[in-house]
Every structure is written in C-alpha cells, then in structure tokens.
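Please look at the sequence and the structure below before reading on.

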Amino acid sequence: SNVAHHYDISEKLYDLFLDEKRQYSCAYFKNEKDSLETAQNNKIEHIIKKLNLKPNQKVLDIGSGWGTLAIEIAKKTQCEVLGITLSENQLEYSLKKVKELNLENQVNFKLIDYRELEEKFDRIVSVGMFEHVGRKFYKTYFNQVFKLLKDDGVALIHTIGSVLPPRDPQPWITKYIFPGGYTPSLSEVAGPIEKSGLAINDIEVLRMHYSHTLRNWKERFLGKKEEVLNMFDEKFFRMWEFYLASCEMAFKWSDQVVFQFQLSKKLTSTPNTRDYIYL
C-alpha cells in the first residue's frame, strides 16, 4: 500500500518531469550542467560497470521501477535479468516495454516481494528501493540478499542516506509523499550488513548529484503546471512543488546524500582496484 500510494497515482504525471527512460532515482552528473537524460544514462553505465557483469549471468533487480535498468543491463551485457516490483502500474509498463523491444528471452518482471524469492543470482542490484524497506527490516533485507546471492556474486545497493546520526523520518514527507519511507544513516546500515555475512567491498557517497537531479525534475514539473492541473488539483500541484523543492535543498544544504554499497560474500569477487569502473 505504501508503494501504491506514490507510484500508482498516474503514469502520465511521471512522464511530465522524468527523463525519457523514466528513471525515478538519483542521476550521475559528471558535470552539473549535464542534461537530465545524459546524467541518467551516466548513472546506468556507472552501476553496470560496478556490477562487473559477464555475459549470461543471472541478475536480480530489487525494486525495478519502470524497468529501464533491467532492460539496459540485458541489452548491454547479454545477461538474464529478473526485475521485481510491488507496483502494478510499473509491472504492466515494464512487461509491455520488454515485449516491444523483443527482449522476452532475456528480461522478465514479477509482482513479488523480495522476501518471497528462492533462486540464486550472480548479481543483485537495487536502486532507490532500500528507502522503502523500513528500519526494522534491515536485518531481514540483507539476510535475504545474502541468501539470494551466489557464493562469488556481487550486489550493488543504491540508496538515499544521511550523513548525520539516526533520527526520525521527516513527518511531512511521511504523511504526504512516501509513507513508510526512511533514509538511513551509515551506522544503521553497516551493522545489518556485517551481521548478514556480506562484506562491504566498496562504499561511494554521491554528493550533490541528487540536488541536481531534483532541480531538473522541479523545473520540468513547474513548466508543465497546466498538464498537472488537468490531472490533479492546485493542492496536489503545490504539495509536489514543495516536495521537489525541499528535497533539492536537503541534498544541497543539509544532510542528504546517496550511498552506493558494493557487497559480496568473498573479498575476491571484485577487482582490487576501481580501474574497471572508470576505464
């Protein structure tokens, strides 16, 4: 129900302000003047490189959104990808896209909770989903990642986080935008990862990238006011304007960042240097 509250309101709304691939997560700005499309493509490339994928590997995308990351992984690496979501709208869109692209032999999507999966994967990726897990389920989440990952597998978890000590969720965001959402401090995530048996191979902190992303979303959203008002009312428009603007400022001036955790069961599962990511 928390997922549906935000993601199943209207497909057309997201098309008004997201990039053409409908990436609803932090982009990767090599230059802050990059277009939103360029920065979102940068993000996909960065994640694919960090996963260090090999052809024919099995990949799980937890919280697959509108399917773009799973589809791009399949197209660029010849891997077999399963994307899972709890949004019926996102599932329908993703399956339609796969059929259009004739990738049904490589990519599949399911409406299923990550805790219900049983099979093993060479790679696990999750972008913008961990914020919805909830603090009391962090142990469950990382235990399940450990269970689903093959012995020489690699996981990449991309999540909004805070550079400050743990605190309560922002009440306005919880009430109106993301019920059940929470952005963790590093100290809240490290413990459950360690206790699960997973090793932290790499942590990257993306600073300012989400501020630039939100600025682009906000400008596009404000530029489509008439279209938004045709779908919703003035109250909704003002609520979302405040959501996008306040979050932009939280990433620019306050404590919000994005953490990328690269995890594995073995310390030998990824190369010893970061050259493979940046070459």
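This is a predicted model: local features need pLDDT of at least 70, side-chain atom pairs count only at pLDDT 80 or more; totals for chains, interfaces and linings use all residues.

Residues are numbered from 1 along each chain as its sequence is written, and side-chain values use heavy atoms, with hydrogens and water left out.

An open sheet is formed by 7 strands with mixed pairing, in the order β3-β2-β1-β4-β5-β7-β6. Its edge strands, β3 (107-111) and β6, each pair on one side only. Strands here are DSSP runs of E with at least two residues, numbered from the N terminus, and two of them pair if DSSP finds at least two bridges between them. Strand β1 (residues 58-62) runs parallel to strand β4 (residues 121-127), and 3 bridges join the two. Within this pair, Leu60 stands opposite Ile124 in β4.

Strand β6 (residues 199-206) contains Val205, which also belongs to a nonpolar surface patch with Leu186 and Ile203, and together these residues have about 190 Å² of accessible area.

The structure holds 0 disulfides, a disulfide being a pair of cysteine sulfur atoms within 2.5 Å. For Cys26, the closest cysteine sulfur is that of Cys247, at 12 Å, which is too far for a bond.

The table lists relative accessible areas, where buried means under 20%, exposed over 50%, and partly exposed in between (1.4 Å probe, protein chains only).

| Residue | Relative accessible area |
|---|---|
| Cys26 | 0%, buried |
| Cys79 | 1%, buried |
| Val205 | 34%, partly exposed |

Key
Patches are made of residues with over 30% relative accessible area and no salt bridge: like charges are joined within 9 Å, nonpolar side chains (Val, Leu, Ile, Met, Phe, Trp, Tyr) within 5 Å. Accessible areas come from the Shrake-Rupley method with a 1.4 Å probe; for residues, only the protein chains shown count as cover. A salt bridge is a side-chain nitrogen of Lys or Arg within 4 Å of a carboxyl oxygen of Asp or Glu. Helices (H or I, at least four residues) and strands (E, at least two) are DSSP runs, numbered from the N terminus.
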